[in-house]
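Colleague: I want to learn how to read a model like this one. Please take me through the features in turn.

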Amino acid sequence: MSKSGESLAVTDPATDVPCCPPLATRRIPAATAAVLAPAFKALGDPVRLQLMSMIASAPGGEICVCDLTPAFELSGPTISHHLKTLREAGLVDAERRGSWVYYRPRPDLMRQLSILLALEAGTA
C-alpha cells in the first residue's frame, strides 16, 4: 500500500484535475482504488446500471423517482434501495420536493470513472 500521502479526493475542485491517469497507463494507487471501488460496485448491478443511465440521460438533468419506478417490474422499496446505493456511492444527488424525490447525476465522479477506464490510442 502506498504511503505517499496522495489525496483521496476524486478531483481537485479548484482545477478539476483528474484523480488518476487511465488504468492502461499506470497502476492506480490503493487509496484511490478504495475511493472509486464503491462506485464501480454500485454500477455492477443491472438495475442500478439502468437507473444510472436513466438519471444521467434525463432531460433537464434530473428525473423524479415517480418516473423511474414504473420502468421496472420491481417494488417501490426495492427501487428506493437501489437509488440509495447509487447515492451512497456518490454517483447521484437527490432532492426532496414535496412527496417526490428528484435525482441528478454527479458528473464529477462519472467523469473520473470514465477517465480511469479510457484506453489511450495505441494501447490494447
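The dialogue below goes from the overall fold to the salt bridges.

Modeller: Some ground rules first. This is a predicted model, where local features need pLDDT of at least 70, side-chain atom pairs count only at pLDDT 80 or more, and totals for chains, interfaces and linings use all residues. Residues are numbered from 1 along each chain as its sequence is written, and side-chain values use heavy atoms, with hydrogens and water left out.

Colleague: How many helices and strands does the protein chain have?

Modeller: Helices (H or I, at least four residues) and strands (E, at least two) are DSSP runs, numbered from the N terminus. Here the protein chain has five helices and five strands. Their order along the sequence is β-β-α-α-β-α-α-β-β-α.

Colleague: What share of the protein chain is buried?

Modeller: Buried means under 20% relative accessible area, exposed over 50%, and partly exposed in between (1.4 Å probe, protein chains only). Of the 124 residues in the protein chain, 29% are buried.

Colleague: Which residues touch the most other members of the largest nonpolar core?

Modeller: A nonpolar core is a set of buried Ala, Val, Leu, Ile, Met, Phe, Trp, Tyr and Cys residues joined through side-chain atoms within 4.5 Å. The largest one holds 25 residues, and Leu51, Ile55, Leu83, Leu86, Leu91 and Tyr103 touch the most other members. Two or more residues each come from α1 (30-42), α2 (46-56), β3 (63-64), α3 (65-68), α4 (76-88), β5 and α5. The top contributor is α2, with four residues.

Colleague: Which residues of α5 are buried?

Modeller: Helix α5 spans residues 107-117, and Leu109, Gln112, Leu113 and Leu116 are buried there. They lie on the same side of α5, because they cover an arc of only 95° around the axis. That arc is taken from the directions from the helix axis to the C-beta atoms.

Colleague: Now the strands. In which sense do β4 and β5 pair?

Modeller: Two strands pair if DSSP finds at least two bridges between them. Strand β4 (residues 92-97) and strand β5 (residues 100-105) are antiparallel, with six bridges. Alanine 94 has tyrosine 103 in β5 as its bridge partner. The two strands form a hairpin with two residues between them, and glycine 98 in the turn has a positive phi of about 65°.

Colleague: What should I expect of side chains along a strand?

Modeller: In a regular strand they alternate between the two faces of the sheet.

Colleague: How many salt bridges does the search find?

Modeller: A salt bridge is a side-chain nitrogen of Lys or Arg within 4 Å of a carboxyl oxygen of Asp or Glu. The whole structure has seven. One of them joins aspartate 93 to arginine 106, with the closest N and O atoms 3.8 Å apart. Aspartate 93 is in strand β4 and arginine 106 is in the loop between β5 and α5, so the pair ties together parts 13 residues apart in sequence. Aspartate 93 is partly exposed at 32%, and arginine 106 is partly exposed at 28%.

Colleague: Which residues are linked in a network of salt bridges?

Modeller: Glu62, Glu95, Arg97 and Arg104 are. Glutamate 95 bridges to arginine 97, closest N and O atoms 3.4 Å apart. Glutamate 95 also bridges to arginine 104, at 3.6 Å.

Colleague: Which ring does arginine 97 lie over?

Modeller: A charge sits over a ring if NZ of Lys or CZ of Arg is within 6 Å of the ring centre and within 35 degrees of the ring normal. Arginine 97 lies over the face of tyrosine 102, at 4.3 Å from the ring centre.
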